[in-house]
Amino acid sequence: MIKVLLNGCNGKMGQVITNIIKNSPDLKIVCGFDINTVAKNDYPVMASLFEYSGDADVLIDFSHPSSLESILEYCVEQNIPAVISTTGLSSEQTNKIKNAAEKIPVFFSANMSLGVNLLIDLVKRAAKLLEGSFDIEIIEKHHNQKIDAPSGTALAIADALSESLSKPYEYVFDRHSARRKRKETEIGIHAMRGGTIVGEHSVIFAGQDEVIEIKHQALSKEIFAVGSVRAAKYLIGKKPGLYTMKDLVSSI
Ligand SMILES: NC(=O)c1ccc[n+]([C@@H]2O[C@H](COP(=O)([O-])OP(=O)(O)OC[C@H]3O[C@@H](n4cnc5c(N)ncnc54)[C@H](O)[C@@H]3O)[C@@H](O)[C@H]2O)c1
């Protein structure tokens with residue numbers, strides 16, 4: 001039985017994971033953590049990880065960037081692998097994740113869905129082929145409750161595209177602030193917010209008289225929860241290091 005600590009357990013994703021693990025015979029949530037300790041769960045809920053004195057095999061986090069430092073400190077101290085799914089982290093925080101990954105296994109992905117990771121693979125190949133003659137734009141859409149913009153996934157897609165392109169490309173987030181034509185070497189990144197959209201990411205390659213659009217649409221939050229539970233199982237027994245969906249996908 002894999003003993004799971006769930007950070008952000010009373011949030012939307014925390015509750016989806018709670019339901020998935022309830023129906024998984026090989027996993028059990030031994031304790032949840034949330035600044036909101038009021039909501040009821042069939043496991044204990046604490047406000048701080050440091051209040052927990054039992055043992056655990058892995059921690060799954062879907063919470064808020066403000067929680068990151070304490071998660072890393074606790075997991076390194078207790079030698080517990082961590083699956084970090086929270087988005088909107090600063091570059092300083094992603095460096096802290098890399099440092100922690102020298103001591104414990106850490107799985108970090110801005111998007112835990114298998115489909116989005118396939119999209120990333122496809123757009124990298126498209127960028128190599130189309131570079132120079134097609135303009136690249138990313139459009140992401142999310143529900144009206146999302147705080148960070150653009151999404152961590154849109155940035156991860158842009159970073160993956162950059163890796164495949166032979167020249168440095170500039171990320172352009174706001175065309176409103178400058179009146180000029182787009183440059184060839186830019187990736188436009190646009191965020192739309194509304195309603196209950198779970199998550200959509202489109203990568204558009206716009207060329208002379210033709211447009212290619214590669215799009216992923218998340219229809220429920222469950223895909224991210226399933227991915228993070230899979231990541232938690234994958235981390236058990238791993239050496240310290242930073243693992244991503246790319247590693248998980250290639251291990252299947
Ligand atoms: N990587 C992915 O695939 C993926 C998918 C969906 C959501 N997310 C990210 O996961 C995070 C949570 O998403 P959500 O939709 O469940 O949000 P949510 O706002 O519904 O839930 C967040 C929960 O975290 C709690 N929380 C806030 N600060 C905390 C702290 N310091 N310590 C402990 N708990 C704290 C809140 O009380 C809340 O219950 C967001 O950053 C979101 O962007 C990532």
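View 1. Within E2, Leu 27 is the bridge partner of Ile 2. Strand E1 (residues 2–7) and strand E2 (residues 27–33) pair in the parallel sense, over 6 bridges. Strands are DSSP runs of E with at least two residues, helices are runs of H or I with at least four, and both are numbered from the N terminus. Two strands are taken to pair if DSSP finds at least two bridges between them. The model is predicted: local features need pLDDT of at least 70, side-chain atom pairs count only at pLDDT 80 or more, and totals for chains, interfaces and linings use all residues. Residue numbers start from 1 along each chain as its sequence is written.

View 2. The order E3-E2-E1-E4-E5-E6-E12 describes an open sheet of 7 strands with parallel pairing. Strand E3 (45–46) and strand E12 (241–243) are at the edges with a single partner strand each, so one side of each has no neighbour in the sheet. H1 lies across E1, E2 and strand E4 (58–61), and runs at about 155 degrees to E2. Contact between two residues requires their C-beta atoms, placed from the backbone, to lie within 7 Å. Axes are lines fitted to C-alpha atoms, for helices over the stretch in contact, and angles run from 0 to 180 degrees between N-to-C directions.

**View 3. Surroundings of the ligand.** The ligand is surrounded by 25 residues, of which Gly 8, Gly 11, Met 13, His 64 and Ser 67 are the closest. A residue belongs here if its C-beta atom, placed from the backbone, lies within 6 Å of the molecule. Helix H1 (residues 12–22) provides the largest share of this shell, 3 residues. The shell comprises 7 nonpolar, 16 polar and 2 charged residues. Ala, Val, Leu, Ile, Met, Phe, Trp, Tyr, Cys and Pro count as nonpolar, Asp, Glu, Lys and Arg as charged, and the others, Gly among them, as polar.

**View 4. Packing of helices H2 and H3.** The axes of helix H2 (residues 68–78) and helix H3 (residues 91–100) come within 10 Å and cross at roughly 5 degrees. H2 and H3 are therefore roughly parallel to each other, a term for angles under 35 degrees. Leu 68, Glu 69, Leu 72, Cys 75 and Val 76 of H2 make the contact with Gln 93, Lys 96, Ile 97 and Ala 100 of H3. By class, the contact residues are 6 nonpolar, 1 polar and 2 charged.

View 5. An open sheet with mixed pairing is formed by 5 strands in the order E8-E9-E7-E10-E11. Strand E8 (170–172) and strand E11 (210–218) are the edge strands, each pairing on one side only. From one strand to the next, the twist averages 20 degrees. Strand E10 (residues 199–207) and E11 run antiparallel and are joined by 9 bridges; His 201 stands opposite His 216 in E11. Helix H4 (residues 114–130) lies across strand E7 (135–142), E10 and E11, at about 165 degrees to E11.

**View 6. Contact between the domains.** The protein chain is divided into domain 1 (2–108 + 221–251) and domain 2 (114–218), with bounds from an automatic or database domain assignment. Their C-alpha centres lie 28 Å apart. Each domain gives 8 residues to the contact. On the side of domain 1 that touches domain 2, helix H6 (222–235) and helix H7 (245–251) each supply at least two residues. H7 gives the most to that side, with 3 residues.

Methods. Parallel < 35°, antiparallel > 145°, perpendicular 65-115°, else oblique.
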